[in-house]
Amino acid sequence: MSDTCRSCHQPVLFVPSAKSGKPLILNAEPEKRVVLIDRQHNSVAPAAEHERLRLHDRLAAAVVNAYTDHHATCPKAGQWKGRTRAEVNRVNALHADGDHEAAQEADR
Ligand SMILES: [Zn+2]
């Protein structure tokens, strides 16, 4: 599960999205965040304020380990935009081979 970003070489995790099943790339180190739990259903409370107000007596704050999408912090995320993973990997491979001219050409 543990891996490194091919663009910036920072430790990341590839984990399938619970919603779509597509792999997400996450920063490997989680941060402590707080979620609101609906104690009656033991589930994360809805985000909308009117829903929180309605559930107020049932809410509890729980500290969790939350992970950040690596796209948000990768210093080389600009290389990723509008590209397929294969294209990004090809440019990175050219850089890794020391063929920076070809990499810059492919980067245009
Ligand atoms: Zn990265």
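This is a predicted model: local features need pLDDT of at least 70, side-chain atom pairs count only at pLDDT 80 or more; totals for chains, interfaces and linings use all residues.
User: Why is V15 called exposed?

Analyst: V15 has 12 other C-beta atoms within 10 Å. The cut-off for exposed is 12 or fewer. V15 therefore counts as exposed. It sits in strand β2, residues 11-16.

User: What makes β2 and β3 a pair?

Analyst: Five bridges join β2 to β3, residues 23-27, in the antiparallel sense. Pairing requires at least two bridges, so β2 and β3 qualify.

User: How far apart are V15 and L26 in sequence and in space?

Analyst: They are 11 residues apart in sequence. In space, the C-alpha to C-alpha distance is 7.6 Å.

User: How do you know that β4 and β5 pair?

Analyst: Two bridges link β4, residues 31-38, to β5, and the sense is antiparallel. At least two bridges are needed, so β4 and β5 count as paired. D38 stands opposite S43 in β5. Four residues lie between the strands of this hairpin.

User: What makes β4 and β6 a pair?

Analyst: Eight bridges join them, and the strands run antiparallel. The requirement is at least two bridges, so β4 and β6 are paired. L36 stands opposite A61 in β6.

User: Which strands are the edges of the open three-stranded sheet?

Analyst: The sheet has the order β5-β4-β6, with antiparallel pairing. Its edges are β5, residues 43-44, and β6, residues 59-66. Each of these pairs on one side only.

User: Why is β4 said to lie largely in the open?

Analyst: β4 has eight residues, and the number buried is zero. A buried residue needs 20 or more other C-beta atoms within 10 Å. No residue of β4 counts as buried, so the strand lies largely in the open.

User: What share of the chain counts as buried?

Analyst: The share is 5% of the 108 residues.

User: What makes the phi of H9 worth a comment?

Analyst: H9 has a positive phi of about 65° although it is not a glycine. Most residues other than glycine have a negative phi. H9 lies in the loop between β1, residues 2-4, and β2.

User: Why is H9 called exposed?

Analyst: H9 has 10 C-beta neighbours inside 10 Å. Exposed means 12 or fewer, so H9 counts as exposed.

User: Where is N42, and what is its phi?

Analyst: N42 is in the loop between β4 and β5. Its phi is positive, about 50°, although N42 is not a glycine.

User: Why is N42 called exposed?

Analyst: N42 has 8 C-beta neighbours inside 10 Å. The limit for exposed is 12, so N42 counts as exposed.

User: How many residues separate N42 and A60 in sequence, and what is their distance in space?

Analyst: N42 and A60 are 18 residues apart in sequence. Their C-alpha atoms are 9.7 Å apart.

User: What share of the contacts with a separation of 6 or more comes from residues 24 or more positions apart?

Analyst: Such residues account for 40% of those contacts in the chain.

Conventions: Residues are numbered from 1 along each chain as its sequence is written. Two residues are in contact if their C-beta atoms, placed from the backbone, lie within 7 Å.
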